[in-house]
Amino acid sequence: MIVLKYVKTLDARFISHIDLLKHMSRILRRAVVPVKHSQGFNPHALIFFSPPTVLGVNSYAEYVAIDTDMKGEEVFTRYNNSVPEGLKAIEWFECAKNPNIQGKSVSADYVFDVDYFDVDLSDGLTVTYKKKEDFVTEDISGKICGTFNADGRLGVRLASGNNNLRADRLATALNEKYGKDIKVTTIAKLCQYVLVDGVEKSVDEYLRETP
Amino acid sequence: MNEYKKKIDEILLSVEKPARYVGGEWNTPDMTKPHRAKFCFCFPDVYEIGMSNLGLQILYDVINSHPDFIAERCYAPWPDMGAKLRENNLPLLSLETATPLKDFDVVGFSVQFELLYSNFLYMLDLANIPFYAKDRGEEYPIICAGGPCAVNPEPFAPFCDCVLIGEGEEMDLALLKLVADGKEKGWTKAQILEKAKEIEGVYVPSMLGEGEKVVKAVVKDFENAPYPTKPLVPNIEIVHDRATLELYRGCASGCRFCQAGYYYRPIRERSPEKCAEYGKKMIDSTGFGEISLCSLSTSDYTGLMDLEKELRPFIEEKKITFALPSLRLSSFTKEMAQSSRKSSLTFAPEAGTQRLRNVINKNVTDEEIDNIGRAFEAGYDSVKLYFMLGLPTETDEDILGIAEICRRLKKLYFEIRHKKNLNISVSCAVFIPKPSTPFQWEEQISLDEMLRRQSLLRKALREIKGVSFSWHGAETSVLEVALARGDKRLAPVIVRAYELGAMFDSWTEYFNWDIWVQAFKDCGVDMQDYVGEISEDKVLPWDFIDIGVSKKYLLGQRHLAYQGITTKNCREGCNGCGANKLGRCTIT
């Protein structure tokens with residue numbers, strides 16, 4: 001199993017996660033990376049993704065695990081020759097089986113394109129958004145794991161995985177509460193974290209340690 | 001990044017499916033090369049439909065492969081995006097480089113069918129380009145249109161500086177060369193158009209002399225005609241999301257209602273070797289998971305089995321699927337059924353009885369319908385059947401014949417498979433008399449009559465278990481006839497309908513019949529003038545176009561139809577339609 005860490009930026013950040021899932025088989029077919037398929041009536045390619053990043057956000061920490069016998073370096077090169085700039089792979093890892101990044105994800109770091117400021121969560125932080133046909137108001141403060149100064153910009157660690165907080169919703173909440181003008185298209189996702197044996201670590205670290 | 005692109009990126013998250021508007025598809029050609037002239041293809045429907053159009057992919061490739069020219073694309077923005085563009089004072093932009101349409105040398109609309117006419121205006125309006133050619137000065141690009149609707153361009157001709165009639169591969173390049181020369185030598189638009197008239201297939205509405213004819217452009221050497229082996233790969237799911245192989249142009253069947261069957265003559269086949277080579281190249285360059293075959297009657301392609309044989313190992317190695325659309329019952333074989341995936345089969349008998357099938361020259365016999373049994377033997381449990389209601393001379397008996405066919409298939413299935421779970425889906429369109437067919441003079445049945453016949457059929461089908469019935473809108477069919485057989489008087493009607501809010505008429509959620517009724521009324525034009533029977537001695541608005549097939553031949557076919565006499569398939573011998581004067585018919 002080869003895991004590629006890739007970016008999703010430029011025009012590619014407007015491609016939805018679902019569309020990209022479908023597209024990945026095409027990318028690997030034109031890259032001539034032999035992907036193993038499931039058995040059964042409707043065989044599908046054995047490729048596995050990290051959790052979706054919200055549409056419009058620039059991501060530098062997307063992962064796809066590919067079940068193939070091809071060497072990592074070769075997969076990496078071939079993949080990069082078959083994708084546009086906005087989807088380039090930046091690193092590759094090898095592991096024995098599906099690392100299940102999606103299932104293990106707990107948080108992710110984002111940088112918002114706004115000067116660093118103190119985000120006060122003592123009274124909670126609410127945001128209203130449309131869910132199907134209805135508008136819901138949610139206190140999202142519990143899903144903000146922390147904030148940090150990222151070279152003068154506002155860095156945040158948000159819950160990811162099953163109890164996910166979408167970065168665009170936090171941007172909306174901050175814009176409303178603090179009168180900021182954070183645009184979703186300027187948010188960058190920098191790191192994805194997973195929980196392994198009770199320890200939170202970056203996916204890169206986890207993949208390097210996994211045999 | 002240009003300023004427009006930046007602004008577009010900012011509004012993208014407030015519209016549905018933003019990936020429709022960003023471009024950046026794999027295999028996008030170099031848009032930065034030095035060039036003499038720039039073309040923008042406009043497709044008056046949404047991205048997912050436009051990206052599925054093979055003709056546009058071919059022409060896009062032809063222009064971009066030329067060292068002197070660049071072609072970009074623009075699809076009709078969905079109404080939410082259209083509103084956002086207006087709200088932000090942004091003009092309609094090309095997909096590749098976010099260039100306003102006004103800044104191109106030539107803007108070419110691909111008009112695929114009549115219900116897109118309102119979107120033609122919607123796109124011009126968003127691009128801040130005046131609708132009528134007469135109102136556009138030298139500062140505007142040359143606006144042209146082509147595609148299947150160019151068979152009768154009169155309703156939209158006043159919006160165009162020129163209309164490209166027929167196949168665009170050579171015509172588009174010739175026009176671009178002329179425009180580039182004109183740019184370099186300082187010619188006026190009128191001077192360019194005066195010369196453009198000389199290009200085969202180019203119709204300049206403002207300069208057509210009395211009695212002058214425009215001959216449809218035809219690619220004579222189809223075997224070696226350019227084909228996009230590196231087509232664009234969409235980033236989102238589109239309607240035809242696969243590699244498409246065009247096997248041949250034209251059709252040998254001569255179904256009397258079928259415009260494409262006459263318009264795309266002469267028949268020109270591409271060799272199976274070449275098709276297989278193109279298919280492999282397309283999969284390698286795109287990574288598509290499916291190859292589909294495209295032509296008017298795929299299973300009539302003489303090289304079908306050779307092509308299948310040639311592609312089979314490649315298909316298996318790459319784990320891709322191979323689809324066979326548009327099957328004719330008479331040419332369907334068990335081998336075909338076995339070599340494709342057993343999901344559902346599609347056939348088009350078009351009419352319920354042998355008598356009516358003879359009238360329309362759909363040479364499918366009752367025995368051949370029994371051919372579907374081969375599909376049941378091969379394991380199929382589901383059949384889709386296409387029919388038309390309102391065909392000339394149709395009686396209630398013909399309509400009930402459709403239910404009879406369903407019953408026969410159920411019985412056949414039971415005899416072969418000893419099971420009763422066959423699914424039949426019957427889909428019915430309304431007959432639309434189209435220009436350049438033997439039925440171009442026919443009347444269309446009234447709205448009330450459409451509904452009566454539809455209800456008769458629905459009732460009959462309800463009695464048969466496992467049959468589902470779907471139906472194509474009656475009102476859109478009336479409008480389609482009026483626009484298809486229209487003349488220049490309809491241009492103001494289209495403008496009025498657009499002013500009243502018509503757009504995306506091919507989408508049921510947007511089609512508004514009342515708007516069109518109002519528009520005809522406001523312009524003092526009677527829709528019935530275009531929907532009723534046309535006298536044979538009348539000069540037709542499209543008579544000035546020479547599509548190869550003679551009017552005399554079409555008239556002869558009409559008379560044969562009324563006698564219930566069929567015309568043989570062109571493969572059994574030439575019927576003398578006249579199309580081979582434009583290029584050699586490769587099957588005769």
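This is a predicted model: local features need pLDDT of at least 70, side-chain atom pairs count only at pLDDT 80 or more; totals for chains, interfaces and linings use all residues.
Chain A contains five helices and 11 strands. Its C-alpha atoms fill a box of roughly 50 × 35 × 35 Å along the principal axes. Of the 211 residues in chain A, 38% are buried. When contacts between residues at least 6 apart in the sequence of chain A are considered, 71% of them join residues that are at least 24 apart.

The domain assignment divides chain A into domain 1, covering residues 2-101, and domain 2, covering residues 104-198. The centres of domain 1 and domain 2 of chain A, taken over C-alpha atoms, are separated by 26 Å. To the contact between them, domain 1 of chain A contributes 12 residues and domain 2 of chain A contributes 17 residues. On the side of domain 1 of chain A that touches domain 2 of chain A, strand E3 of chain A (residues 58-66) gives the most, with four residues.

Chain B contains 21 helices and 17 strands, and its C-alpha trace spans about 70 × 60 × 50 Å along the principal axes. With 588 residues, a compact globule would have a radius of gyration near 25 Å, and chain B, at 24 Å, agrees with this value. Buried residues account for 50% of the 588 residues in chain B. Among the contacts in chain B with a separation of 6 or more, 78% are between residues 24 or more positions apart.

Strand E4 of chain B (residues 142-146) is mostly covered, since five of its five residues are buried. Ile142(B), Cys144(B) and Gly146(B) point one way from E4(B), while Ile143(B) and Ala145(B) point the other way, and all of these residues are buried. E4(B) pairs in the parallel sense with strand E3 of chain B (residues 106-110) over five bridges, and within this pairing Val106(B) stands opposite Ile142(B). E4(B) also pairs in the parallel sense with strand E5 of chain B (residues 162-164), here over two bridges, with Ala145(B) standing opposite Val163(B). The path from E3(B) through helix H5 of chain B (residues 117-126) to E4(B) makes a right-handed β-α-β unit.

A further right-handed β-α-β unit is made by E15(B), helix H16 of chain B (residues 447-462) and E16(B). Its two strands, E15 (residues 423-430) and E16 (residues 467-471) of chain B, run parallel and are joined by five bridges. In this pair, Ser425(B) stands opposite Ser468(B) of E16(B).

Elsewhere in chain B, three strands form an open sheet with parallel pairing, in the order E8-E11-E12. The edges of this sheet are strand E8 (243-246) and strand E12 (321-323) of chain B, each of which pairs on one side only. On average, and with direction ignored, neighbouring strands of the sheet are turned by 20 degrees against each other. Strand E11 of chain B (residues 290-294) pairs with E12(B) in the parallel sense over three bridges, and Glu290(B) stands opposite Thr321(B) in E12(B).

Several loops of chain B carry backbone features that deserve a separate description. A cis peptide bond, with omega at about 0 degrees, joins Arg265(B) and Pro266(B), and Pro266(B) is placed in the loop between helix H8 (259-263) and strand E10 (268-269) of chain B. Asn89(B), although it is not a glycine, has a positive phi of about 55 degrees. Asn89(B) lies in the loop between helix H4 (79-87) and E3 of chain B, and is exposed, with 7 other C-beta atoms within 10 Å. A positive phi is also found in Asn128(B), a residue other than glycine, where the value is near 60 degrees. Asn128(B) is located in the loop between H5 and E4 of chain B, and counts as exposed because it has 12 C-beta neighbours inside 10 Å.

Conventions:
Residues are numbered from 1 along each chain as its sequence is written. Chains are lettered from A and ligands numbered from 1 in the order in which they are written. A residue is buried if 20 or more other C-beta atoms lie within 10 Å of its own, exposed if 12 or fewer, and partly exposed in between; C-beta atoms are placed from the backbone. Two residues are in contact if their C-beta atoms, placed from the backbone, lie within 7 Å. Two strands pair if DSSP finds at least two bridges between them. Axes are lines fitted to C-alpha atoms, for helices over the stretch in contact, and angles run from 0 to 180 degrees between N-to-C directions. A crossover is right-handed if, with the strands pointing away from the viewer, the path from the first strand over the helix to the second runs clockwise. Domain bounds come from an automatic or database domain assignment. The radius of gyration is taken over C-alpha atoms; the globule rule is 2.2 Å times the number of residues to the power 0.38.
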